[in-house]
Amino acid sequence: MTDQTIAADEIARNMARAFQERGLTADDATLELLFTEARTHYGWQDRDVPEETLRALYEIAKMGPTSMNQQPMRVLFIRSEEAKDRLEPALLPGNKPKMRDAPVTALIAHDLNFWEELPRIFPPNPDAADIFRSNATAAQVNAFRNGTLQGAYFMLAARAVGLDIGAMSGFDNAKVDEEFFHGTSVKSNFLVNLGYADTSKIFRRLPRLSFDEVCETL
């Protein structure tokens, strides 16, 4: 470990300590924006999503934690009519108009060869890539798990930059992979429609399970 690395680690610890001491918690407005009042949307205003908004979204989402800083998520923003034409055949009938009406549909995917980047993005263990290099099962499990985590961060980040979202899983992954990722190590996971919602298309909020139904303390 070099002196430069030791110094950088100490700076990081001091910053984390100072941040912790601030004792921040989310205010009511933030909780409403991200969770309690935010809704899944099915209709969209005819209003463009600027490229800079998509970039701002990713800059937030990329900060979410993943195992060994793997960052396997890959995102394809579907916004042109040509791209929508390519995606539409893979969707279930009920999801086709949702995708067509949305200004942007984010195709959330993950790279099975994420481990190739580990020497650069996980320098604490220079040999981390060897864990996955010859173990396709471990690579697939980690890519899917951490890519899905990043997809969740992506949706919250979208809300944080003022976008509405509508996630969808009703499509043929194999068709999508053949159309968009043929010959690569990238696999599709789910879709997220992005834009500014037409609130006349939503319905009542559906029930959530209670703490006692879901949680147990041992």
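This is a predicted model: local features need pLDDT of at least 70, side-chain atom pairs count only at pLDDT 80 or more; totals for chains, interfaces and linings use all residues.
I started with helix 9 (residues 173–180), which lies across strand 1, strand 2 and strand 4 (186–195) and runs at about 95° to strand 4. Contact here means heavy atoms within 4.5 Å. Angles run from 0 to 180 degrees between N-to-C directions, with axes fitted to C-alpha atoms, for helices over the stretch in contact. Helices (H or I, at least four residues) and strands (E, at least two) are DSSP runs numbered from the N terminus.

Residues are numbered from 1 along each chain as its sequence is written, and side-chain values use heavy atoms, with hydrogens and water left out.

I found 4 strands in an open, antiparallel sheet, ordered 1-2-4-3; strands pair if DSSP finds at least two bridges between them. Strand 1 and strand 3 (164–168) are at the edges with a single partner strand each, so one side of each has no neighbour in the sheet. From one strand to the next, the twist averages 30°. Strand 1 is joined to strand 2 (residues 104–111) by 6 bridges, and I saw methionine 73 opposite histidine 110 in strand 2.

Then I checked glycine 64, in the loop between helix 3 (51–61) and strand 1 (73–78). Is glycine 64 buried or exposed? Its relative accessible area is 16%, so I noted it as buried (under 20%; exposed is over 50%, partly exposed in between; 1.4 Å probe, protein chains only). Threonine 137 is 73 residues from glycine 64 in sequence and 24 Å away in space, C-alpha to C-alpha.
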